[in-house]
Amino acid sequence: MDELEEKKELELFRSLLRNKQYAALRGRAQDMNEADLAAMLEQMEDEDMLKMFRLFPKELAADVFSLLEPDSQQYIITSLSEKEAGTIIDNLYADDAADLLEEMPASVVKKLLANAKPETRNDINHLLQYPDDSAGSVMTVEFVDLKLTMDVAQALDRIRSIGMDSETVNTCYVLNDKRLLLGTVSLRSLVLAKPEQPIEDIMEEDVISVNTNTDQEKVAQQFKKYDLTSMPVVDRENRMVGIITVDDVMDIIEEETTEDLEKMAGIVPSDTEKPYLKTGVFETWKKRVPWLMLLMISATFTGRIITSFETALSAHIVLSSYIPMLMDTGGNAGSQASVEVVRALSLDEVHFSDYWKVVFKEMRVALLCGITLAAANFAKCMLLDGVSTAVAFAVCMTIICAVFFSKCIAATLVLVVSKLGLDPAVVASPMLTTIIDAISLLVYFSISTAVLHIPV
């Protein structure tokens, strides 16, 4: 649904609510996609959102609820009666219900679990015991399991009986009596096989799986590598406990990308998933000010470097006009290298063992970039700025050195930090920029004093 259609539908639903045409609203909602309904609810006032949500059939309500923003979910779930809220929890997939309860106050969680079905409580509690950002915390326990002794007809009967409550039926998992994972069977294979054919004859024994404690970022990499739509999750004894589907992976990618972008921008990652406009000013301040404070203090080192070369600056005032350009050029060059290496690490394209290959590549790229920028800047200095050849040479040599050191330092820092088990996105920017600024200034003044014969 495009933006214009969405606005028309939104006005229609508001009109139906105002005129109390609830039957028409309910019927219209049942013909729409759950994602479109969730998007419209987010644009409504809280009271209208709640009224409209109450009119949805329980299965549709659960599907729409799982697509709402966390603050909207919390408002709805706390506004419903305990019985109504329990019904919503029962109709959510276990992983969505667990994600919801992690955002709720303890008192609300207690009431919700008290009104949920026993099996729902067990599934949710099972998921909540796993560490954050692990495969166990994002998996769902609703999947189709088959026995090795079944034939195709029995397997299809099994899918019909539990398929509606499963996250997906496209892939079924063959387990033994101890719930050890033996293989997988696609729905396509079952449909095309003869009814009396044993499951053992058509199942795939080479199964790609992950452990419950595997980091969710590694899970996303496995999905990309093997082009999967779902993946089984097993415990240490290879007993199957759940599955992760491609929609879960999309959420993982969004979460990890947001976290990396925040760290690279010098923002403390948030535990909440609120949209930008719904995040409070105070909360945004708390995320941004720690790094700003640290970087402000660290920037005093660049000031000290400039102060220590006052003699050079006083002898050739024109040198000071090139300081911003040189610092920016070095910082930008370092940021380019760090971002590419961080991306390669996250996609599992490089490892610390590739250190010399990465650094050697960045050295060659840095020389090409530095020489190109220096040549362009030399022409500018001579034709437009009207400075002496010595000053132009000092500036251009600094550009080459700054770009070279920046790219090498950036690649080295990212790989070393990753090897130490820390997040490389933290050093990518702006910490890296602060380090490179200081180095660029040192190189600039060292070259200038040597070329222009300025006493230190």
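Which side chain meets E9 in a salt bridge? I looked it up: R28 does, at 2.5 Å from N to O.

**Entry 1: ground rules**

I am working with a predicted model, where local features need pLDDT of at least 70 and side-chain atom pairs count only at pLDDT 80 or more, while totals for chains, interfaces and linings use all residues. Residues are numbered from 1 along each chain as its sequence is written, and side-chain values use heavy atoms, with hydrogens and water left out.

**Entry 2: the domains**

I checked how the chain is divided. The assignment, which is an automatic or database one, gives domain 1 (3–128), domain 2 (143–245) and domain 3 (278–452). I also looked up the distance between the centres of domain 1 and domain 3, taken over C-alpha atoms, and found 50 Å.

**Entry 3: salt bridges**

I noted what counts as a salt bridge: a side-chain nitrogen of Lys or Arg within 4 Å of a carboxyl oxygen of Asp or Glu. Side chains of opposite charge can pair when their charged atoms come close. How many salt bridges does the rule give? The count comes to ten.

I went back to one of them, R28 with E9. R28 lies in helix α2 (residues 22–30) and E9 in helix α1 (residues 3–18), so this pair ties together parts that are 19 residues apart in sequence. For helices and strands, I use DSSP runs numbered from the N terminus: helices are H or I with at least four residues, and strands are E with at least two.

Then I asked how covered the two partners are. Buried means under 20% relative accessible area, exposed means over 50%, and partly exposed is in between, using a 1.4 Å probe and protein chains only. E9 is buried, with a relative accessible area of 13%, whereas R28 has 35% and is partly exposed.

Next I looked at K147 and D177, which form a salt bridge with their closest N and O atoms 4.0 Å apart. K147 sits in strand β1 (residues 145–147) and D177 in the loop between β2 (171–175) and β3 (181–186), so the pair links distant parts of the chain, 30 residues apart. K147 is partly exposed at 34%, and D177 is exposed at 71%.

My next pair was D157 and R160, with closest N and O atoms 2.8 Å apart. How far apart are they in helix α12 (residues 152–162)? They are three residues apart, which means a separation of about one helical turn. D157 counts as partly exposed at 46%, and R160 counts as exposed at 60%.

I also found a network of salt bridges that links D145, R158 and R179.

**Entry 4: cysteines**

I searched for disulfides, meaning pairs of cysteine sulfur atoms within 2.5 Å. The count comes to zero. C396 is buried, with a relative accessible area of 6%.

C369 counts as partly exposed at 29%.

T78, in helix α6 (residues 70–79), reaches the backbone oxygen of Y75 with its side chain at 3.1 Å. T78 is partly exposed, at 43%.

T245 is in strand β6 (residues 240–245). Is T245 buried or exposed? T245 is buried, with a relative accessible area of 5%. Its side chain makes a polar contact with the side chain of E167, at 3.4 Å.

I ended this entry at A62, in helix α5 (residues 58–65). A62 is buried, at 2%. The C-alpha atoms of A62 and E34 are separated by 9.5 Å, and these residues are 28 apart along the chain.

Key: Polar contact = N/O pair within 3.5 Å; in protein donor to acceptor, adjacent residues only side chain to side chain.
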